[in-house]
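Good morning, and thank you for joining.

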Amino acid sequence: MKGFVPRGGASKPATEFQQRIGALITETQVSGAIADRKYYLCENAAPRAVPFQQLRDVVQGEVNQAALGTELPQMLEGILNMPQATQQVSVVISDFIYGPARKSDFSQLPNLIRTSIAPVSQKQLAVAVFGETSRFYGTYHPAVKTPATKRTLDGEKVPYYVWVIGPPALVARYTAEVFKNAPAQQAFFGLKTSTPVFVPLLTKLTDPKLKPSGGTVYAENNGLTLNPSDDPVDFSVGINLGELPAAWQKPAFLAQHMQVRLPNGQAALLPNSVRLLTDDEQSGQPVLAPYTHVMRLRVSKLAAPTATLSLALPAPETPEWVAAWSTTNDNTPAPRTFGLDQILTGVRQSYPSPLPAVFTVQLPLKNDK
Amino acid sequence: MQTFFTSLYSALISIFQSQRPADFGLYKTDLFSLVGWSTLGVALLLVLAFYYLFNSALRTGMFRTTHWVLTLALAAGLGTLLANTLSKSHGAEGSSYLGYFMVVNLLVAALWFLLFSVLLKRWSTYARTTPFVGPL
């Protein structure tokens with residue numbers, strides 16, 4: 001870790017780690033979204049509380065000796081065993097290089113990780129993983145110790161990770177409101193937002209593309225009454241997805257993953273209909289103000305007198321970059337981490353399969369006869 | 001009565017347009033009964049004024065069928081106006097459905113006026129045979 005935080009100077013640019021993590025701890029320190037914050041250094045025993053200034057000194061390179069380093073499972077266990085760790089957000093910044101001292105442990109990596117984060121299974125906490133490579137100066141200790149037990153790097157790029165662990169809605173909030181400049185490599189496990197504000201948009205619209213079209217549809221008793229028997233009914237819905245991680249707020253991602261279900265009927269999300277609302281639209285049509293996104297649904301069949309339409313974002317499985325960033329031999333430093341896939345398999349196994357939905361919203365429908 | 005007005009108006013409007021508008025919920029919960037009651041009240045007031053004010057309490061000589069038809073036209077006109085202004089003031093959007101609602105309420109207002117005339121004309125002093133003799 002020490003290699004990520006060289007003591008710089010006017011002529012030496014800060015490493016990626018120093019830029020990203022410096023910004024993250026500063027935002028954590030000053031953000032109004034956080035009620036209370038404590039900082040710890042994990043050296044070789046239980047996490048040691050330090051004041052913010054000391055942590056900042058570490059990030060900018062005021063470290064005299066390299067920490068001995070804790071084995072990854074012991075470190076995670078120590079963090080999650082702290083009082084109230086399961087009610088708060090824990091942010092873990094590490095290279096996540098796990099080379100067990102006992103050779104036999106190598107066969108059990110996912111299980112060892114899963115055991116070390118047992119509260120994640122028991123309390124169904126969420127884990128968000130962010131990965132980035134950063135220039136590294138100094139002694140690098142690979143997990144695989146042959147042929148070299150350590151190497152000296154001079155600016156080669158190696159990965160480090162930020163894990164955010166805690167209750168699902170809090171992890172979502174921390175990610176969206178505090179870790180705003182997160183790196184592109186992201187993986188989320190067990191993330192759930194609170195139920196987003198969601199409403200079918202029928203009236204007080206000026207944009208003809210947002211207005212309902214096709215068969216009869218109107219709002220009644222907190223639901224919709226509609227008649228798709230002659231023409232399919234198309235209507236727009238507004239939804240506030242501000243709590244989702246930035247990558248998941250992208251229309252392309254949502255269009256690919258959102259699921260519409262209508263038992264006793266047929267409903268679908270219209271292609272290319274998910275989009276972000278612009279400020280102009282929101283000020284021109286105040287009815288849109290509470291929402292970040294609009295999307296258009298089509299109900300083409302409704303067989304029962306009443307039915308419930310549900311719109312869900314199923315949790316994506318482990319993203320593809322994880323495999324690309326994993327290696328079985330890290331003795332030659334590269335932008336890959338030893339056993340990252342196995343470590344994250346341990347995290348993934350803490351949750352049921354398939355992963356629970358990130359959110360689900362429901363809309364009661366009634367047939368207009 | 002709300003169900004009655006809703007059935008009455010939506011059945012009559014569906015003769016012109018079966019497609020219901022996006023703000024039909026508003027018609028169903030508020031507008032049909034509000035406009036329905038107001039139209040009923042206006043028709044009744046005009047009937048009372050025609051038979052008992054101008055043709056009983058006062059002797060104005062306005063008992064002819066022409067006068068009655070003009071008052072009926074006034075009721076029908078007020079029916080159209082009520083459907084429009086009350087709907088708009090309660091947030092209904094301009095739509096072809098609202099247009100047909102105005103047309104239908106013109107007919108409904110005329111119908112109420114005719115009905116009340118038939119029921120109430122026989123106690124009028126000077127106009128008990130306007131617009132026709134009987135049936136009551």
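I begin with the contact between the chains, to which chain A gives 9 residues and chain B 9 residues; two residues are in contact if their C-beta atoms, placed from the backbone, lie within 7 Å. On the side of chain A that touches chain B, 5 residues are nonpolar, 2 polar and 2 charged. Here Ala, Val, Leu, Ile, Met, Phe, Trp, Tyr, Cys and Pro count as nonpolar, Asp, Glu, Lys and Arg as charged, and the others, Gly among them, as polar.

This is a predicted model: local features need pLDDT of at least 70, side-chain atom pairs count only at pLDDT 80 or more, and totals for chains, interfaces and linings use all residues. Residues are numbered from 1 along each chain as its sequence is written, while chains are lettered from A and ligands numbered from 1 in the order in which they are written.

Chain A has 10 helices and 19 strands, which are DSSP runs numbered from the N terminus (helices: H or I, at least four residues; strands: E, at least two). Of its 369 residues, 36% are buried, that is, with 20 or more other C-beta atoms within 10 Å of their own C-beta atom, placed from the backbone.

Consider helix 3 of chain A, residues 72-80, where the buried residues include Leu72(A), Met75(A) and Ile79(A). The buried residues of this helix fall within an arc of 160 degrees seen down its axis, so they line one face; the arc is that of the directions from the helix axis to the C-beta atoms. They pack against strand 3, helix 4, helix 5 and strand 5 of chain A.

Key:
Buried ≥ 20, exposed ≤ 12 C-beta atoms within 10 Å, placed from the backbone.
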